[in-house]
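Dear colleague,

I am handing over the structure we spoke about, and it is placed just below this paragraph. My notes on it follow, grouped by topic.

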Amino acid sequence: IEQVADSDVTVLIRGESGVGKELVARAIHQRSTRKNKPFVKVNCAALPAELLESELFGHEKGAFTGAATTRIGKFEQANLGTIFLDEIGEMKPPLQAKLLHVLQDAEFTKLGSNKKITVDVRVVAATNRDLEQMMLHGDFREDLYYRLKVIDAYVPPLRERRDEIAHLTDFFIAKYSQRYNRSVRPLSDELRAMFDSYEWPGNVRELENMIKRFVILQDEQLVIRELARPR
């Protein structure tokens, strides 16, 4: 993060779901010269392809059924800042081609328009998919892959960085104790030992949600039973 933050190269962040890829993207932005400009997140898996194109690039009034007004897209909103394309592996190939054009030429057209729009945007993308396998099956463009992968940043799963579990646990306890105005007693040695040995299939997100429930319900035995349940 420290090495690449002050440049404008594209970064591809990889890792399992829940490892904190968005946190890495935000850390890159916050350490860059664009930190006082917009950070705009787009979840490429949240919308069907036709709506995702409008979300990214905007549309003119009447461009399609339901386009009652002209709308700017996320790339325009992120101008001079950073756009974070989460779940980039879910983007369909036709839209990948348009994204490649933006990365190469820093310009695009809105849906329903012939006017070119120029933007200055740093692109950070993230995925939990195997893009190399997707390329072999024709589901991800090879030219886009190499355009995104100037820097390839891998975020290990929580089970491979167990030395961080105790720190993250204390961080989330402090965060949610303050948010929910709860006074939480220290975790028992038994529960901390279970945290250290648990595989955390949901990674940091699973740990955070478990701590959130513990802070609200104040029931350590509930957490112990959940960790001991066969998976």
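**Salt bridges, rings and surface**

Glu-55 and Lys-74 are both buried, and their side chains meet in a salt bridge with an N to O distance of 3.5 Å. Since Glu-55 lies in helix H2 and Lys-74 in helix H3 (residues 74-77), the pair ties together parts that are 19 residues apart in sequence. Please keep in mind throughout that this is a predicted model.

The structure holds 21 salt bridges, and another of them joins Glu-53 to Lys-98, with the closest N and O atoms 3.1 Å apart. This pair also links distant parts of the chain, as Glu-53 belongs to helix H2 and Lys-98 to helix H4 (residues 93-105), 45 residues apart. Glu-53 counts as partly exposed at 21% relative accessibility, whereas Lys-98, with a relative accessible area of 19%, is buried. In the salt bridge between Lys-116 and Glu-107, where N and O are 3.4 Å apart, Lys-116 counts as exposed at 56% relative accessibility, while Glu-107 is buried with a relative accessible area of 18%. Salt bridges that share partners also join Arg-14, Glu-132, Lys-149 and Asp-152 into one network.

Turning to the rings, a search of the whole structure finds ten aromatic pairs. One of them is formed by Phe-57 and Phe-108, a tilted pair at 5.3 Å centre to centre with 45 degrees between the planes. It connects Phe-57 in helix H2 (residues 49-57) with Phe-108 in strand S4 (residues 107-109), 51 residues apart, and both residues are buried. The rings of Phe-171 and Phe-172 have centres 5.4 Å apart and planes at 65 degrees, so that pair is edge-to-face. Phe-171 counts as partly exposed at 46% relative accessibility, but Phe-172 counts as buried at 5%. Ring pairs link these two phenylalanines, Phe-171 and Phe-172, with Tyr-176 and Tyr-180 into a cluster.

The largest pocket has a volume of about 400 Å³, and of the 18 residues that line this pocket, Gly-20, Lys-21, Glu-22, Leu-23 and Arg-205 are the closest to its centre. Helix H1 (21-30), helix H7 (165-179) and helix H9 (203-217) each supply at least two residues of that lining.

Leu-222 is found in helix H10 (residues 220-228) and counts as partly exposed at 32% relative accessibility.

With best wishes

How values were computed
Residues numbered from 1 in each chain as written. Predicted model: local features only at pLDDT ≥ 70, side-chain atom pairs only at ≥ 80, totals over all residues. Heavy atoms only, no water. Phe/Tyr/Trp six-rings, centres within 6.5 Å; stacked < 30°, edge-to-face > 60°. Helix = DSSP H or I, 4+ residues; strand = E, 2+ residues; numbered from the N terminus. Buried < 20%, exposed > 50% of the residue type's maximum accessible area, 1.4 Å probe, protein only. 1 Å grid on protein atoms, 1.4 Å probe; cavity = no way out; pocket = protein on both sides within 12 Å on 5 of 7 lines; lining within 4 Å. Points joined across faces, edges and corners; volume = space filled by probe spheres on them. Salt bridge = Lys/Arg side-chain N within 4 Å of Asp/Glu carboxyl O.
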